[in-house]
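Open the model in your viewer and keep the selection tool handy. We will go from one stop to the next, picking out residues as we go.

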Amino acid sequence: MQIINKVMAWARRKSPWIIHFNSGACNACDIEVLASLTPRYDIERFGIQLKGSPRHADVLICSGPVTMQQRDRIITIYEQMTEPKFVVAVGTCACSAGVFEGCYCVEGGIDTAIPVDMYVPGCPARPEAIIDGVVKLLNTIK
Amino acid sequence: MANLMSVGTAIFNILVYPGFLFLGVLSLVYEYADRIIYARLQNRVGPPWYQPVADLIKLLTKETVIPSEANNRLFRSIPTFAFAATAASFLYIPVWNNRSLLPFDGDLIVVMYFLTIPTLTFFLAGWYSSSLFAEIGGIRAMMQLFAYEVPFYMSLLGPAALAGTWSISGVSQFYREHPLLILINIPSLAVAIFSAQGKLERVPFDAPDAETEVVGGTFTEYSGRFLAMFRMMLGAEMVVVAALIAAVFSPFFIGGNAALGLFLFLIKVLAVVFLLALMRAALARFRLDQMVSFCWKVLTPVSLAQILLDLIIKGAL
């Protein structure tokens, strides 16, 4: 049994498929997430692929604070993903709502809506920081 | 006793060669080859060698969700049908010598029919998922079927008409004996490579599962082991189509030595996969109407002219 668990954890570490969701960001973090998907940064080295459907994805990458409009949608997307699943909050706003803290339409960081596994601060977070965050998250899978 | 032997042979054929094990390993190897060639053409490092295996194990061990709206029984069984049709078509394609496992006159047509079934299952999978994106993806897959299928069939019929046989083994035997005649079929080879991209739903003809337009296309609702089955099937289909093109268009077959024959087979399939990956890296996605008009206005006339040329040369020989 232990060997099977080890192989399963190995496969999950080596093949994370991501899906990208904007929960109300100013678009700067989204551009950085897209930049980290380009051939220049080559995240396929780590087996990372961008998927369109939440059913296929393992890692949900969220950018921006959770607005009242997007709260229900981000919960729906999270629930559509299959287990095991992970969430990465990219950018200062995603971590803590940032400068939008206390705004009339903002609930707070991503963790006010769904559980978050990794926080990547930055305004916006650089592609190197995003890749570093995802790879560190993967190394916690045992 | 003889009865028992034939049952044993059948089980070996289904499970090991050329069934699940052989085709599964080949599909993983060529999926890796495709991805690393694509990565090198984009001037990047690319995935490590174990990447397809890791993807497969991860998908097999993930939770599998079946939407409550979907038709449960069909949703579960469609991936199996798709893989079975692909694996069955591999029976008629020669591997290490110029004779396939079960050759008969007319197996070229049978393989073409078997290779149509996966596209039909894509449509059914999309339809019975009861998701809007999956349905749009399925309808796009069906629409592409009407565009690429005719040039793909006709591009293989030209060489077969010149060889004067409907058997894939017979065609490859003929071109082994007359290797120079293969030069006549080069336009047909180009048509076959282009329309194979449509059959495999790869760039530039990947409108059915374009993730920027229709989320995941046909496979939007599929997850876990059913998605793994579909991915295996897509890899196997790429191997089968590449092996079919290699068998019909290349004269380099060596009978007798099995190891050398298998090596040549792997090289030939790799060459076709390289061409497919080159096109994937070089071209952008066609709109659906552009794709249909390109297939009917360019590829079909070229393959028609090819059949005519082959018939004239056959008359002159």
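Select Arg285(B) to begin: this residue is partly exposed, at 31% relative accessibility (buried is under 20% relative accessible area, exposed over 50%, partly exposed in between, with a 1.4 Å probe and protein chains only). Asp206(B) sits in the loop between helix 8 (186-199) and helix 9 (211-214) of chain B, and Arg285(B) in the loop between helix 11 (258-282) and helix 12 (288-316), 79 residues apart. Helices here are DSSP runs of H or I with at least four residues, strands are runs of E with at least two, and both are numbered from the N terminus.

A word on what you are viewing: this is a predicted model, where local features need pLDDT of at least 70 and side-chain atom pairs count only at pLDDT 80 or more, while totals for chains, interfaces and linings use all residues. Residues are numbered from 1 along each chain as its sequence is written, chains are lettered from A and ligands numbered from 1 in the order written, and side-chain values use heavy atoms, leaving out hydrogens and water.

Next, select Asp55(B), buried at 1% relative accessibility. Asp55(B) makes a salt bridge with Arg35(B) at 3.0 Å. Arg35(B) lies in helix 2 (residues 20-41) and Asp55(B) in helix 3, so the pair ties together parts 20 residues apart in sequence. Asp55(B) also meets Arg231(B) in a salt bridge, 3.6 Å from N to O. Arg231(B) belongs to helix 10, so this pair ties together parts 176 residues apart.

Where does chain A come in? Select Gln49(A), whose contacts beyond four places in sequence include Arg35(B) (contact means heavy atoms within 4.5 Å). Gln49(A) is found in strand 2 (residues 49-50) of chain A.

Finally, show the whole interface, where 29 residues of chain B are in contact with 25 residues of chain A. About 2400 Å² is buried between the chains, 54% of it from carbon and sulfur atoms (the accessible area, 1.4 Å probe, that two parts lose on being put together, summed over both). Highlight Arg44(B), Lys58(B) and Lys62(B): they supply 24% of the area that chain B buries against chain A, more than any other three residues. Six salt bridges are counted between the chains, including Asp58(A) with Lys58(B) at 2.7 Å, N to O.

Notes
A salt bridge is a side-chain nitrogen of Lys or Arg within 4 Å of a carboxyl oxygen of Asp or Glu.
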